[in-house]
Amino acid sequence: MNGRSVSWKNWNGLLTSGRKTSFALTLSDKDGFSSAFTYHYKLYMFAMIRTLLLILLSATSAIAQPLIPTVKDVGATQMPEKIAPVKAPFPMPSFRKPQFPSLAIDIRDKGAATALTATTAIQSAIDEVNRKGGGTVVIPAGKWKTGRISLKSNVNLHLEEGAELWFSGEIEDYRPAVFTRNEGVEVMSLGACIYADGQENIAVTGKGKLVGPPAGCPVRERFMKADVIENVIPHNIPVAERVYEGYNGEAIFLPMFISPINCKNILIEGITLENSPFWNIVPVYCDGVIIRGVTVNSVGIPRGDGIDIESSRNVLIEYCTLSCGDDCFTMKAGRGEDGLRVNKPTENVVVRYCLARQGHGGITVGSETAGMIRNLYVHDAVFDDTGVGIRFKTRRPRGGGGEHLYYERIRMNLREDAFRWDMLGSRMYVGELADRLPAREVNRLTPVYRDIHAKDIIIEKSRTFVRIDGIPESPLTGFDLEDAEVNCRNIIICRDAKDISIKNTVVHSEEEQMTFTDTRNLSFENVNVISVTP
């Protein structure tokens, strides 16, 4: 089989009905050659004996299994006041909320009124608190209209319960252009509704709400949509010349909702975000980030990602509830040539006690991977009615990749696949590079995924248990899964991968065929497949 090896240990097809069952395993090499074997067997009284044994074994195993959370155990409503110590399979710092002096300025003291646009009053309060050494800017209850707000060092922007910041849809309310990163490429454009550059000890807190620009407004209608961003902005143009601020009808790049860039010691806690113009919470080039108790609703908004960690390090995300128009929790590190030029990884990230509801992916790595995503630990999370559960994306021209990624104690109820690697993409975005064959020569833009671990997983519903579309010249390398209970329609579809191990897993599947194309060193140990009727 073209050098591949498949190891079967205690692989059982279990029937409880006594009917005849067929399991088919198909393996194909990269030249299209395929070989298939199908074995048939009929179980009568023996099936009942084996069923009883499996029930006893499952009951015994359940006693020793760790507690895997349910919806009621996670998310923003469960956030405690204090941050518990962080444990991870790699070194992590101690996380403490930033502290602020007692000075507090209410924006009404700066002339803010609900009938007027309050941008000037809010910014004046921030500037004064910063100038006086730090403190809190208070947004009281009420609906306040504003344009872009720029946070400064040692300032906590606090939204009291009932406070709502409604952001403008006019492009002029976000000028002048500021330095930012859009979809992994550096650019000068609108930045973010709440923006900070090069600041330290900053926060956005409280029980208030941020509401994005209205439908049909210039900010939403005039965004750059001519092509993918790397084709619009050549990588050899200086960043200072990549200016897109909407004069004379020119396009802009959509502002994020909250995006600090080049900042340290950041806290975003308790707030609700609705109707985002683009990605919601996006730390870029930051060190020391705490995001906790946040609620996001961007369902129906294209590219409405929830939380995107972009080339940042030492990050804690906990007790958040995300319902998104795109991926929910996402790790990114720059795109293609521009991402390689910057060459900043996303690393040392813990995501815990979080809830993903609607969204393309519950937890996603990529597709912007140039600087590498490494040392990610996701644990005690629930993905409920999400598209894909645990998602890995990249493309041939994106560079970098992901490594040392850990997933533990996760419950999933999904519309699509549980574990999904999409490393090729589609022709719409990368042209012929989305075609699996022919294999290309490995170069500086060839991405990799390797060293990925999952344990103690419950999949209540999914389309496919594991689907891997690797790159022939850069296959997924090193994925091990242990202790899982799975309900799915399809078991495994795997192309271009090696060193895959699944242990101590029960799979309830509607379909019985597994497909492997150029897959090497595949091992199943104590894996039980139970055929179910759809």
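Biologist: Is strand β25 largely enclosed by the rest of the structure or exposed, and why?
Modeller: Strand β25 (residues 346-352) is largely enclosed by the rest of the structure, because seven of its seven residues are buried. Buried means under 20% relative accessible area with a 1.4 Å probe, protein chains only. Strands here are DSSP runs of E of at least two residues, numbered from the N terminus.

Biologist: Before we go on, what are the ground rules?
Modeller: This is a predicted model, with residues numbered from 1 along each chain as its sequence is written. Local features need pLDDT of at least 70, side-chain atom pairs count only at pLDDT 80 or more, totals for chains, interfaces and linings use all residues, and side-chain values use heavy atoms, leaving out hydrogens and water.

Biologist: Which strands does β25 pair with?
Modeller: Five bridges join β22 to β25, and they run parallel. Six bridges join β25 to strand β28 (residues 373-386), also parallel. Two strands pair if DSSP finds at least two bridges between them.

Biologist: Which residues are bridge partners there?
Modeller: R313 has E347 in β25 as its bridge partner, while T346 is partnered by I373 in β28.

Biologist: Switching topic, what is the volume of the largest pocket?
Modeller: About 810 Å³. A pocket is an open set of points on a 1 Å grid over the protein atoms alone, where a 1.4 Å probe fits, with protein on both sides within 12 Å along at least five of seven lines; lining residues have an atom within 4 Å of a point. The volume is the space filled by probe spheres set on the points, which are joined across faces, edges and corners.

Biologist: Which residues lie nearest its centre?
Modeller: E183, R303, D326, K393 and Y429, out of 33 lining residues. The lining divides into eleven nonpolar, five polar and 17 charged residues. Charged covers Asp, Glu, Lys and Arg; nonpolar covers Ala, Val, Leu, Ile, Met, Phe, Trp, Tyr, Cys and Pro; the others, Gly among them, are polar.

Biologist: And which elements give two or more residues to that lining?
Modeller: Those are β29 (388-393) and β31 (419-422).

Biologist: Last one: what is the mean pLDDT of the chain?
Modeller: The mean is 90, and 88% of the residues reach 70 or more. pLDDT is the predictor's confidence in each residue, from 0 to 100.

Biologist: Which element has the lowest mean pLDDT?
Modeller: Strand β4 (residues 34-42), at 34, whereas strand β22 (residues 313-318) has the highest, 99. Where pLDDT is low, the predicted coordinates should not be read in detail.

Note on methods. Helices (H or I, at least four residues) and strands (E, at least two) are DSSP runs, numbered from the N terminus. Buried means under 20% relative accessible area, exposed over 50%, partly exposed in between (1.4 Å probe, protein chains only).
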